[in-house]
Amino acid sequence: MASPNLPDMGDNTATVTAAADPGSGVGEPARSPTGSFAAAPADAGPGDDPRTPAAPARHSLSPSRAGDFLTCPLLYRFRVIDRLPEPPSPAAARGTLVHAVLERLFDNPPAERTPPTAHSLVQPEWSRLLEAEPELAALFGGDEEQRAAWLAEVATMLDRYFTLEDPRRIEPAHRELCVEAELSSGLRLRGYIDRLDVAPGGEMRIVDYKTGGSPPAEFEARALFQMRFYALTLWRAQGRVPKLLQLMYLGNGEIVRYEPDEADLLATERKVVALWEAIERARVNRDWRPRPGRICDWCAHQAICPAFGGTPPPVPEDAPAVPPPEPRDGMAPV
């Protein structure tokens, strides 16, 4: 599908917020007058989180954390309740860097959105990442050959992006968009959209960059669920169903497109609410069971997982007051 010419709304980062009308019908999206776009600081570094929602963790759910619970309830506990640290990985850092470059690429005039411009942004954005997260400096253990190979992978993914679309023909409405909406149940949905394009007629396209390859069948549903989650949140916040959901896999150059409708998003909402109820039951019963599978190959917590003979730490008495930061890429299956 050719990329439409889209109007620039003049901001780089924004937050969509709205509360669902408790009195609206089940099939009616909230059309709250409080729904708005509020820009976050334009100079915020990749490690900053100026848009962290104020809602308590126990009443807030993001697509990544929902995916964690669907994948493994114990993984959700380790990340959301225990807040256990996870060592940085080259794959995750690569994803963050590629995302940062593609975000900054659109700061340039259309004619300058070219592969050489993208490549020129790699070192400045990597320096910004290192300043925000100094621990990344030890990622390659001083192995310059490994670091060079990693940077070559970044360059390859950026080049592949230009084979999928022409950024000179696109003016994103928003980049790194934090979108939130509160359901009538009090559950707050939140997430970060890589790019939101808005056509002259108002049709919205949600674009998500993935720096892995297109997933095998067992992981494809999770990727589409993430996109439907974004679409549901945007619908409940703004009262409009996005026209298109677009996943761009820079690992192998594939694009997955999906056109949602209201019935689809209502089904997603029912799934999200049921998922949250399951999370609350696990919290009340202090029952966070592991769910072994292929996903375990990427997990940083095998040493304390009962499925691998480990012993988890005691469950904290209460969840933290603020939700953990949302991962920027989401390219890894865990």
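Trainee: Where does Asp 194 lie?
Mentor: In this predicted model, Asp 194 is part of strand 5, which covers residues 188–198.

Trainee: Is Asp 194 buried or exposed, and what is the nearest side chain of opposite charge?
Mentor: Asp 194 is buried and has no salt bridge. The nearest oppositely charged side chain is that of Lys 210, at 6.4 Å.

Trainee: Which side chain does Asp 194 join in a polar contact?
Mentor: That of His 99, at 3.1 Å. The Asp 194 side chain also reaches backbone, namely the nitrogen of Tyr 209, at 2.8 Å.

Trainee: Switching to helices. At what angle do helix 3 and helix 5 cross?
Mentor: Roughly 45°, with their axes coming within 10 Å. Helix 3 is residues 90–105 and helix 5 is residues 144–164.

Trainee: What does that make them to each other?
Mentor: Oblique. The crossing of helix 3 past helix 5 is right-handed.

Trainee: And helix 1, how many of its residues are buried?
Mentor: Eight of the nine, so by the under 20% cut-off helix 1 (residues 63–71) is mostly covered. Among the buried ones are Arg 65, Asp 68 and Phe 69.

Trainee: Last one: is Pro 314 buried or exposed?
Mentor: Exposed, at a relative accessible area of 70%. Pro 314 sits in the segment after helix 7 (262–285).

Trainee: How far apart are the C-alpha atoms of Pro 314 and Asp 82?
Mentor: They are separated by 9.1 Å, although the two residues are 232 residues apart along the chain.

Key
Residues are numbered from 1 along each chain as its sequence is written. This is a predicted model: local features need pLDDT of at least 70, side-chain atom pairs count only at pLDDT 80 or more; totals for chains, interfaces and linings use all residues. Side-chain values use heavy atoms; hydrogens and water are left out. Helices (H or I, at least four residues) and strands (E, at least two) are DSSP runs, numbered from the N terminus. Buried means under 20% relative accessible area, exposed over 50%, partly exposed in between (1.4 Å probe, protein chains only). Lys and Arg count as positive and Asp and Glu as negative; His and the chain ends are not counted. A salt bridge is a side-chain nitrogen of Lys or Arg within 4 Å of a carboxyl oxygen of Asp or Glu. A polar contact is a pair of N or O atoms within 3.5 Å; within protein, one must be able to donate a hydrogen and the other to accept it, and residues adjacent in sequence count only if both atoms are side-chain atoms. Axes are lines fitted to C-alpha atoms, for helices over the stretch in contact, and angles run from 0 to 180 degrees between N-to-C directions. Angles under 35 degrees count as roughly parallel, over 145 as roughly antiparallel, 65 to 115 as roughly perpendicular and the rest as oblique. A crossing is left-handed if the near helix is turned anticlockwise from the far one by less than a right angle, and right-handed if clockwise.
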